[in-house]
Amino acid sequence: MRANAFTKELRILKRHQFQELYRKGAAVHNRHFVANILENNLQTSRIGITVSKKVGGAVTRNRIKRIVREYFRKNGRHFFENRDIQLIAKRTAAQLSNKETLLSLEHIFQKIKASTES
């Protein structure tokens, strides 16, 4: 297995996990994404990605999810430990280029880091 692989242990997959994040988590947002953050009892951070049909068609939704997964795989471990993060794409995320999406993700992850440090 690759060292930087995005395994199932790094993902939030179950509906009840998403619901708990929404109910108990702290929300942080920017123009293109909303993030719900909650501390977990694990040694690593996990991410769940939500891109509804309101954002766009399947190709658009999958592109956004692919970019988010890759960003988290490369950078997520450097930001924090033992956090569950639900990242929700807003409709405006569909119009972004790949570079703009990465910049928006950098911005929201900086905001998440700032909110968890205070």
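1. A polar contact is a pair of N or O atoms within 3.5 Å; within protein, one atom must be able to donate a hydrogen and the other to accept it. Keep that in mind for Asp84. The structure here is a predicted model. In it, a polar contact of 2.7 Å joins the side chains of Asp84 and Asn40.

2. Asp84 has a further polar partner. Its side chain makes a polar contact of 2.8 Å with the side chain of Arg46. Where does Asp84 lie? It lies in strand β4. Is Asp84 buried or exposed? Its relative accessible area is 9%. Buried means under 20%, so Asp84 counts as buried.

3. Look next at what surrounds Asp84. Neighbours within four places in sequence are left aside here. Asp84 is then in contact with Ile12, Leu21, Asn36, Ile37, Leu38, Asn40 and Arg46. Strand β4 as a whole is mostly covered. Six of its seven residues are buried.

4. Now the sheet. Four strands make an open sheet, and their order is β1-β2-β4-β3. The pairing is mixed. β1 (26-29) and β3 (46-50) stand at the edges. Each has a single partner strand, so one side of each has no neighbour in the sheet. From one strand to the next, the twist averages 20°.

5. How do the strands pair? Strands of a sheet pair through backbone hydrogen bonds, either parallel or antiparallel. β1 and β2 (residues 33-39) pair in the antiparallel sense, over four bridges. These two strands form a hairpin, with three residues between them. His29 stands opposite Val34 in β2. The bridge partner of Val28 in β2 is Ala35.

6. Follow the order across to β4. β2 and β4 pair in the antiparallel sense, over seven bridges. Here Asn36 stands opposite Gln86 in β4. In which sense do β3 and β4 pair? They pair in the parallel sense, over five bridges. On that side, the bridge partner of Gly48 in β4 is Gln86.

7. Which residues of α1 are buried? They are Gln17, Phe18 and Leu21. These cover an arc of only 100° around the axis, which puts them on the same side of α1. The spacing fits a simple rule. An α-helix has 3.6 residues a turn, so residues three or four places apart point the same way.

8. The buried residues of α1 pack against β2, β3 and β4. Leu21, one of the buried residues, is in contact with Asp84. On the other side of α1, Arg15, His16, Tyr22, Arg23 and Lys24 are exposed.

Key:
Residues are numbered from 1 along each chain as its sequence is written. This is a predicted model: local features need pLDDT of at least 70, side-chain atom pairs count only at pLDDT 80 or more; totals for chains, interfaces and linings use all residues. Side-chain values use heavy atoms; hydrogens and water are left out. Two strands pair if DSSP finds at least two bridges between them. Axes are lines fitted to C-alpha atoms, for helices over the stretch in contact, and angles run from 0 to 180 degrees between N-to-C directions. Buried means under 20% relative accessible area, exposed over 50%, partly exposed in between (1.4 Å probe, protein chains only). Contact means heavy atoms within 4.5 Å. The arc is that of the directions from the helix axis to the C-beta atoms.
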